[in-house]
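User: I am new to protein models and would like to learn how to read one feature at a time. Could we go through this one together?

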Amino acid sequence: MALALAACTGGDRVDPAVSTPGAEESARTNALEAGAALLQGNGPLGKMDMYVVGFHPMKDHPLHQMEAHHFCRQVNEDFAQCTLFDGNSPEANLTGIEYIISESLYESLADDEKQYWHPHNGEILSGQLVAPNLPEVAEKELMRSKMNTYGKTWHTWHTRDGVNPGHKMPVGPAMLAWSFSRDGEVQPELVAERDKRMDISTEERRRDREDLLELARPQDGVDTLRRQFPQATPIPGVVDKSAATPTPVAMFY
């Protein structure tokens, strides 16, 4: 059964990274918004009831890293779709999208499509991916359900660059994001700033998830950023499929 959890942001308000240029909303615009809220409803947004926060590097520019707030809908047991923001307040900026699929759906993809999908085991077992304000048991079950999954993420607005504000407007092309699969890849100040602001301990979550190690299977894409971060070290249980596949031994007769 798909796990749907309320996006309880509570007191952990995270404001947008940047404020966009432009005039303040007019009375006419405010009236139109109020009428739309009363008469039109939220449509598909009403089911975006799963909230998680993690960190994304850009695949081709892995030093460009940002905090990503995901508001997701679990469509079925194998597929979820998320909108990405730079915060969780009503003023947060929409920065991208992510699709999340199960291992079985990933294996059904064509080989040339798989290059767009990043692995999730490193994000989960490192404690980086969190579901703020959920009870510990519920968050653990959510993370268990996402083990061995893959995500396809496009960032269209780079409002953050590490802990610093980024672009004030959604300029430039969309960029394919990736995931962190080794210790030493994510900027430590990025994690520390998130943890302090949201009263979260990444290290505590990592320790609490050690029992999920037994669920971890080798994934594609774990070593994608390895050359860019040569000093990074393995996260226990997070293994690239290519490293897990024995090299055939040549037979001589």
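Analyst: Let us begin with the overall make-up: the chain has seven helices and 11 strands, where helices (H or I, at least four residues) and strands (E, at least two) are DSSP runs numbered from the N terminus. This is a predicted model, in which local features need pLDDT of at least 70 and side-chain atom pairs count only at pLDDT 80 or more, while totals for chains, interfaces and linings use all residues. Residues are numbered from 1 along each chain as its sequence is written, and side-chain values use heavy atoms, with hydrogens and water left out.

User: How many residues does the chain have, and what share of them count as buried?

Analyst: A residue is called buried when its relative accessible area is under 20%, exposed when it is over 50%, and partly exposed in between, using a 1.4 Å probe and protein chains only. By that rule, 44% of the 253 residues of the chain are buried.

User: How do I read the buried residues of a helix?

Analyst: An α-helix has 3.6 residues a turn, so residues three or four places apart point the same way. In helix α4, which spans residues 136–145, the buried residues are Glu139, Lys140, Leu142 and Met143. They lie on the same side of α4 because they cover an arc of only 160° around the axis, the arc being that of the directions from the helix axis to the C-beta atoms. Their cover includes β1 (50–57), α3 (121–125) and α6 (202–208).

User: Which residues have the most contacts inside the largest nonpolar core?

Analyst: A nonpolar core is a set of buried Ala, Val, Leu, Ile, Met, Phe, Trp, Tyr and Cys residues joined through side-chain atoms within 4.5 Å. The largest one here has 20 residues, and those with the most contacts inside it are Val52, Ile124, Leu125, Leu142, Met143, Met147 and Leu212. At least two residues of this core come from each of β1, β3 (79–85), α3 and α4, and β3 gives the most, with three residues. A second, separate core has eight residues, among them Val14, Met48, Tyr51 and Met198.

User: Which cysteines does a disulfide join?

Analyst: A disulfide is a pair of cysteine sulfur atoms within 2.5 Å, and a search of the whole structure finds one. It joins Cys72 to Cys82, with an S to S distance of 2.1 Å. Cys72 lies in strand β2 (residues 65–76) and Cys82 in strand β3, so the pair ties together parts that are 10 residues apart in sequence. The torsion about the S-S bond of Cys72 and Cys82 is about 105°, so this disulfide is right-handed. Both Cys72 and Cys82 are buried.

User: Where is Gln187 found, and which residues does it touch?

Analyst: Gln187 is in the loop between β10 (182–183) and α5. Contact means heavy atoms within 4.5 Å, and Gln187 touches Leu63, Gln65 and Gly162, not counting residues up to four places away in sequence. A polar atom of the Gln187 side chain lies 3.2 Å from the backbone oxygen of Leu63.

Note on methods: A polar contact is a pair of N or O atoms within 3.5 Å; within protein, one must be able to donate a hydrogen and the other to accept it, and residues adjacent in sequence count only if both atoms are side-chain atoms.
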